[in-house]
Amino acid sequence: MMVNWKDLFPEPIRTILGRMPPALLDKVEEVRIREGRPLEINAGDTYHFLTPQGSPTSKPDEAYIPLKEVTHRLLDLISNHSLYTLEEELRKGFITIPGGHRIGLAGRTVLSGGRVEYLRDINGFNVRVAREIHGVADRILPHLLDMKSGEVMHTLILSPPQQGKTTLLRDLARQISSGTKLTGVNELVQGIRPRLKVGIVDERSEIAGSYKGVPGFDVGPRTDVMDGCPKAEGMMMMLRSMSPDVLIVDEIGRPEDAEAVMEALHAGVSVIATAHGRDLAELSSRPALRTLIVEQMFQRYVQLQRTSRGMTFRLADGKMRGLQQAEVGGEAFG
């Protein structure tokens with residue numbers, strides 16, 4: 001079930017977004033709604049407030065100001081009129097809705113035993129728009145294959161937030177699962193063996209955009225999705241029950257994530273994972289990831305970076321030696 005992200009909003013925000021210049025609307029990655037404060041969007045690497053007429057402005061006093069009635073209607077819409085059914089999501093601070101769109105929440109926390117039990121008096125929303133871009137992995141995937149066997153190499157994709165990691169993962173899953181033929185990049189790489197089974201552990205329902213367990217995005221015909229499950233537990237469940245050839249997981253970083261990745265690698269399963277970080281040096285400073293890096297568990301590193309022309313990537317091998325730098329393509333993605 002795919003959802004037009006503009007339909008998530010109550011009036012008058014929906015109308016304001018519809019009045020935006022089309023070229024800017026197509027680039028929107030985040031819509032930030034803060035009760036009693038200016039309506040703001042993030043379009044690529046630029047931020048704008050929005051006037052009631054949908055025009056971008058840098059002046060907050062010209063912007064539309066959503067009041068309590070509007071934020072309450074928004075919360076009612078995204079919870080499908082049943083906020084009590086989202087207690088687990090509210091504890092985590094975000095809700096993922098059909099289409100893979102994730103809505104971050106801010107408000108007053110209720111603690112129990114020193115831990116967050118609930119989020120109430122919600123007054124801030126960050127709607128992150130999920131997009132599907134077929135072919136965004138075309139330039140990268142050939143470098144993640146063993147040229148002799150066609151097997152997928154153990155790969156870690158890194159970048160700061162909102163540089164395109166999840167969009168890239170989604171297309172990698174689709175192409176690997178489909179057995180896509182690869183031409184024009186490396187003549188020695190003939191393609192992926194079409195028997196490869198892909199398992200996605202989608203803790204925040206962003207990669208596959210599942211609704212009631214059914215993926216909303218095209219993640220390939222041989223792909224199984226473990227939706228809404230903590231990454232470490234989900235990886236182990238996939239290994240035990242679905243026998244994947246390739247395991248795909250987003251944003252590893254905790255010790256239990258690293259242990260599950262090690263278990264999968266030792267089981268002969270190829271792993272493609274992402275992590276937040278500017279570069280390998282930064283990742284190496286995090287204890288959980290340092291073990292994976294020092295022991296050279298990954299065979300490829302892909303570092304993504306947004307530029308004014310689109311996206312570029314840098315490749316490194318398991319010893320962190322640079323291999324290549326190139327553009328992903330002219331279209332930016334988030």
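Trainee: Which residues is E251 in contact with, leaving aside its neighbours within four places in sequence?
Mentor: They are R204, K231, D257, T274, A275 and H276. Contact here means heavy atoms within 4.5 Å. This is a predicted model, in which local features need pLDDT of at least 70, side-chain atom pairs count only at pLDDT 80 or more, and totals for chains, interfaces and linings use all residues. Residues are numbered from 1 along each chain as its sequence is written, and side-chain values use heavy atoms, with hydrogens and water left out.

Trainee: Why does E251 count as buried?
Mentor: Buried means under 20% relative accessible area, exposed over 50%, and partly exposed in between, with a 1.4 Å probe and protein chains only. E251 has 18% relative accessibility, so it counts as buried. E251 lies in the loop between β11 (246-249) and α7 (255-266). Those element names come from DSSP runs, numbered from the N terminus: helices are H or I of at least four residues, and strands are E of at least two.

Trainee: What makes T274 buried?
Mentor: T274 is at 0% relative accessibility, and therefore counts as buried. T274 is found in strand β12 (residues 270-276). Not counting residues up to four places away in sequence, T274 touches L156, I157, K165, L169, V249, D250, E251 and I252.

Trainee: Which residues line the second largest cavity?
Mentor: V201, D202, E203, R204, E206, I207, K231 and D250 line it. A cavity is a set of points on a 1 Å grid over the protein atoms alone where a 1.4 Å probe fits but cannot get out, and lining residues have an atom within 4 Å of a point. The lining divides into two nonpolar, no polar and six charged residues; Asp, Glu, Lys and Arg count as charged, Ala, Val, Leu, Ile, Met, Phe, Trp, Tyr, Cys and Pro as nonpolar, and the others, Gly among them, as polar.

Trainee: What is the order of the open sheet of seven strands?
Mentor: The order is β4-β3-β2-β1-β7-β6-β5, with antiparallel pairing. β4 (56-57) and β5 (94-97) are the edge strands, as each pairs on one side only.

Trainee: How many bridges join β1 to β2?
Mentor: Four bridges join β1 (residues 28-34) to β2 (residues 40-43). Two strands pair if DSSP finds at least two bridges between them, so four are enough for this pair. One of the bridges links V28 to its partner A43 in β2.

Terms used
1 Å grid on protein atoms, 1.4 Å probe; cavity = no way out; pocket = protein on both sides within 12 Å on 5 of 7 lines; lining within 4 Å.
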